[in-house]
Amino acid sequence: MRQRKTQDERRLRRSQNKKMRRHVRTQCAEDTHFVTQRRLFEGRIINRSAGGTYIQSRAQFYIGQDVVVAGPFAEDQSEMKRHGKIVRLDAQGFAVRFLF
């Protein structure tokens, strides 16, 4: 019973988070490269929005780290570089909030 309640609570939180987002996320599967601390890394953009992106990567980073990401961020989907900060980490990668 407790497990069911926990799953329901997670679904509700996710639903509320989606409603609170300022920018719509778009699913993506684009290879990318990014720079942090003067080192070049590779990863895969999993989703993106005008406010940020989620990158799948095996490298280790920390929250608050500055990063420059190359990806299809222009309105015509052409590649451009965006500056941001890492705001969330998990086992598969990290989330970046773009700095405007």
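The model is predicted, so local features need pLDDT of at least 70 and side-chain atom pairs count only at pLDDT 80 or more, while totals for chains, interfaces and linings use all residues. Residues are numbered from 1 along each chain as its sequence is written, and side-chain values use heavy atoms, with hydrogens and water left out.

The chain has 1 helix and 6 strands, where helices (H or I, at least four residues) and strands (E, at least two) are DSSP runs numbered from the N terminus. Read from the N terminus, these elements follow the order α-β-β-β-β-β-β. The chain has 100 residues, and 33% of them count as buried; here buried means under 20% relative accessible area, exposed over 50%, and partly exposed in between (1.4 Å probe, protein chains only). The accessible surface comes to about 7600 Å², with 48% belonging to carbon and sulfur atoms; such areas come from the Shrake-Rupley method with a 1.4 Å probe, and for residues only the protein chains shown count as cover. Among contacts (heavy atoms within 4.5 Å) between residues at least 6 apart in sequence, 42% join residues at least 24 apart.

Attention now turns to the interior. A nonpolar core is a set of buried Ala, Val, Leu, Ile, Met, Phe, Trp, Tyr and Cys residues joined through side-chain atoms within 4.5 Å. The largest such core has 13 residues, of which Phe34, Ile55, Phe94 and Val96 touch the most other members. At least two residues of this core come from each of strands E1 (26–36), E2 (39–48), E4 (66–71) and E6 (93–98), and E6 supplies the largest share, 3 residues. Leaving aside residues up to four places away in sequence, isoleucine 55 touches a list of partners including Phe34, Ile45, Val69, Phe94 and Val96.

The structure holds 5 aromatic pairs; rings of Phe, Tyr and Trp (its six-membered ring) pair if their centres lie within 6.5 Å, with planes under 30 degrees apart counted as stacked, over 60 as edge-to-face and the rest as tilted. One aromatic cluster is formed by Phe34, Phe41, Phe61 and Phe94.

Charged pairs come next. The whole structure contains 3 salt bridges, each a side-chain nitrogen of Lys or Arg within 4 Å of a carboxyl oxygen of Asp or Glu. Arginine 44 pairs with aspartate 31, their closest N and O atoms being 2.9 Å apart. Because arginine 44 lies in strand E2 and aspartate 31 in strand E1, this pair ties together parts that are 13 residues apart in sequence. Aspartate 66 and lysine 85 form another salt bridge, at 2.6 Å between the closest N and O atoms; it links strand E4 to strand E5 (residues 80–89), 19 residues apart. A further salt bridge joins aspartate 90 and arginine 88 (3.5 Å, N to O).

Finally, arginine 97 is found in strand E6 and is exposed, with a relative accessible area of 54%. Its C-alpha atom is separated by 4.3 Å from that of glycine 52, 45 residues apart along the chain.
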